[in-house]
Structure formats: C-alpha cells, structure tokens
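User: I am new to this structure and would like to learn how to read its features one by one. Could you take me through them with care?

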Amino acid sequence: MSYLNNIRTFVRVYELGNMSAAARDQRISAAVASARIAHLEEHLNIRLFQRTTRTLHPTEQGVLFYSGACKILEAVDEAEADITDVTS
C-alpha cells in the first residue's frame with residue numbers, strides 16, 4: 001500500500017504545485033510527503049520534480065508519469081467502488 005500512497009502523494013503535489021499544500025490535503029506532514037516523493041523517485045530512478053527553496057516544477061518525466069499515475073488511481077477507485085457495490 002505504501003507504493004500506492006506514494007503515487008497518491010505525487011498526484012496531489014503535481015496538482016497543487018506545492019509539497020506543503022499536498023501534505024495538508026492528505027493530512028500528513030510535509031516531511032512525510034517529501035519522503036514519499038523521494039521513495040518514488042528512487043524506485044523509478046528519475047526525478048519527478050525540479051525543486052528549489054521556493055518553487056517546485058514537474059520534470060518531463062514527472063509530466064509523463066502523472067498521466068499514468070492518474071489512470072492507476074482511477075482503476076483502484078473503480079475496483080474499490082465495485083466491491084462496495086457488491087457488498088452493500
């Protein structure tokens with residue numbers, strides 16, 4: 001589940017354009033959000049964001065990964081909804 005959490009965090013950071021805002025949105029600390037992005041980058045062996053002290057911009061690889069990450073999260077949400085429909 002942690003890989004999926006890393007993907008969820010990546011998507012929120014990408015959409016909000018800010019690590020702290022994404023962390024607040026997910027009710028985690030900014031340090032946890034940063035660590036999740038770092039783990040994802042390490043796993044993929046790429047940089048997903050260009051970071052400075054004041055800005056955060058997705059890299060070309062980050063833009064490409066965002067599209068796939070959204071599809072993954074949509075598929076998981078659909079699978080969970082299907083199970084809920086059957087068990088309700």
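User: Is Glu78 buried or exposed?

Analyst: A word on the source comes before the reply: this is a predicted model, in which local features need pLDDT of at least 70 and side-chain atom pairs count only at pLDDT 80 or more, while totals for chains, interfaces and linings use all residues. Residues are numbered from 1 along each chain as its sequence is written, and side-chain values use heavy atoms, with hydrogens and water left out. Buried means under 20% relative accessible area, exposed means over 50%, and partly exposed lies in between (1.4 Å probe, protein chains only). With a relative accessible area of 53%, Glu78 is exposed.

User: In which helix does Glu78 lie, and which residues gather with Glu78 in a patch of negative charge?

Analyst: Helices (H or I, at least four residues) and strands (E, at least two) are DSSP runs, numbered from the N terminus. Glu78 belongs to helix 4, residues 60-87. Patches are made of residues with over 30% relative accessible area and no salt bridge, where like charges are joined within 9 Å and nonpolar side chains (Val, Leu, Ile, Met, Phe, Trp, Tyr) within 5 Å. Here Glu78 gathers with Glu74, Asp82 and Asp85 in a patch of negative charge on the surface.

User: How many helices and strands does the protein have, and in what order do the elements run?

Analyst: The protein has 4 helices and 2 strands, and from the N terminus on the order is α-α-α-β-β-α. The C-alpha trace spans about 50 × 25 × 20 Å along its principal axes, and of the 88 residues in the protein, 31% are buried.

User: How many positive and negative side chains are there, and how many salt bridges?

Analyst: Lys and Arg count as positive and Asp and Glu as negative, while His and the chain ends are not counted; the place of a charge is taken as NZ of Lys, CZ of Arg, CG of Asp or CD of Glu. On that basis the protein has 9 positive and 11 negative side chains, with the centres of the two sets 12 Å apart. A salt bridge is a side-chain nitrogen of Lys or Arg within 4 Å of a carboxyl oxygen of Asp or Glu, and the count comes to 5 salt bridges.

User: Which residue meets Arg8 in a salt bridge?

Analyst: The partner is Asp77, with an N to O distance of 3.8 Å. Because Arg8 lies in helix 1 (residues 2-16) and Asp77 in helix 4, the pair ties together parts that are 69 residues apart in sequence. Arg8 is partly exposed at 25% relative accessibility, and Asp77 is partly exposed at 38%.

User: Where do Glu15 and Arg12 lie, and how far apart are their closest N and O atoms?

Analyst: Both residues lie in helix 1, 3 residues apart, about one turn of the helix, and their salt bridge has its closest N and O atoms 2.5 Å apart. Glu15 is partly exposed at 39% relative accessibility, as is Arg12 at 23%. Arg12 and Glu15 are also linked with Asp25 in a network of salt bridges.

User: Is Glu41 buried or exposed, and with which residues is Glu41 in contact?

Analyst: Glu41, which lies in helix 3 (residues 30-44), is buried at 7% relative accessibility. Contact means heavy atoms within 4.5 Å. Leaving aside neighbours within four places in sequence, Glu41 is in contact with Ile46, Arg47, Leu48, Phe49 and Arg51. With Arg47 the side chain of Glu41 forms a salt bridge (3.3 Å, N to O), and Arg47 is partly exposed, with a relative accessible area of 44%.

User: What is the phi of Arg27, and what is the phi of Asn45?

Analyst: Most residues other than glycine have a negative phi. Arg27 has a positive phi of about 60 degrees although it is not a glycine; Arg27 is in the loop between helix 2 (19-26) and helix 3, and is exposed at 78% relative accessible area. Asn45 also has a positive phi of about 60 degrees without being a glycine. The place of Asn45 is the loop between helix 3 and strand 1 (49-51), where Asn45 counts as exposed at 70% relative accessibility.

Terms used
Areas by Shrake-Rupley, 256 points an atom, 1.4 Å probe, with all protein chains shown as cover.
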